[in-house]
Amino acid sequence: MATENATAARTGTGTGTGTAPRKRRAARAGAAVLLFIVTVPLVFRAVGSDGVTPVPQLLAFLPWLLVPAGFGLVLSLAARWRPGLFWAAAALLVTAAFVRPYGDGAPAPRGPVLAHLRVLTANLEFGRATDGLLATLRRERPDLVAVQECDPDRCAAALDSAPVRAAYPYRLLAGYGASEGSAVLSRFPLTRDGAVAGDMAMPRAAVAVAGQRLRFQVAHPMPPLPASLGTWRTELGRLRALAASRGHEPLIVAGDFNSSQDHAAFRAVLDTGLRDGARLAGLPRTPSWPAWTTPVLGVQIDHVLVSDALRPRAAHFLDLPDTDHRALVVDLDLYAGR
């Protein structure tokens, strides 16, 4: 009888004797899969590359990698798998380190304050949120507005209405499709100042504020979908080139960047010295997309980036109906600088 029990224990054929090892093997396998999924984007994040699909898509939600890494830790513990415990702990620590806001703090202001500016950026999702934008303009009264996905039938027509023209006598529109169209509205005189080339319109205006020439650029590169990764990188690279060549004139780049601080292509824009207005105003990583899961789950891809002559004072995100993006309002001080 003792011999039979010993044999059953070795072969796992006795009652319940093989259940625990099988469960541990399954837990170890599950932990390995989860930790591999977490590790791949972390490696690309560490080396400063966005990689190929699905890495850029996973990087967009990098803070949420803490969830599968945590489950990997629990499964490793259940499996009594020591390498998995170290692997999971490392993944959690590295992810937590990358969650910190990226970029330098606000520089010390130079010279007197010339003006207080309120900047709004809003993606209307093919123009569907036009009514929400109009209500927001009346309520928030921004001085400069960057609009993306401004379709000709609803958005462009509404921006040409008498009430909007009275509040914003200066504007420019570019692009003609539902997703390609963009607009700039201003309370201050402006002139067209070129554009950043892209599949979706990214116009730029030179705005005269308190005797100072300020450049206001709309950002709307292609999203990092599998079929448009190359275009996404190229267009963000063009925005970076603009930022790097800005000289001493104040520059604001506002819009839907389709990228977050966890994308190397977006960090390259920040590395030129532009600073994220929401981050400096105390709202780093506040989700702006997709609107139906924010603010619980999402990613901040809508930004207002500013050069040294502009200092953010406050910021807040707004929910607009009928769009998958939240709007962003940033209050800025414009300094005389040099």
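## Pockets and cavities in a predicted model

Welcome to this predicted model, whose chain averages a pLDDT of 93, with 94% of the residues scoring at least 70; pLDDT is the predictor's confidence in each residue, from 0 to 100. Over residues 11-15 the pLDDT is below 50, and beyond near neighbours in sequence this stretch has 4 contacts in the model, a contact being heavy atoms within 4.5 Å. Where pLDDT is low, the predicted coordinates should not be read in detail.

Residues are numbered from 1 along each chain as its sequence is written. In this predicted model, local features need pLDDT of at least 70, side-chain atom pairs count only at pLDDT 80 or more, and totals for chains, interfaces and linings use all residues.

Now to the spaces. On a 1 Å grid over the protein atoms alone, a cavity is a set of points where a 1.4 Å probe fits but cannot get out, while a pocket is an open set with protein on both sides within 12 Å along at least five of seven lines; lining residues have an atom within 4 Å of a point. The structure holds 2 cavities of 30 Å³ or more.

| Space | Volume | Lining make-up |
|---|---|---|
| Largest pocket | about 370 Å³ | 10 nonpolar, 8 polar, 4 charged |
| Second largest cavity | about 40 Å³ | 4 nonpolar, 1 polar, 4 charged |

Volume here is the space filled by probe spheres set on the points, with grid points joined across faces, edges and corners. Ala, Val, Leu, Ile, Met, Phe, Trp, Tyr, Cys and Pro count as nonpolar, Asp, Glu, Lys and Arg as charged, and the others, Gly among them, as polar.

Of the 22 residues lining the largest pocket, P223, P224, N258, W289 and I301 lie nearest its centre. The lining of the second largest cavity includes Y102, G103 and D104.

Definitions and conventions
Heavy atoms only, no water.
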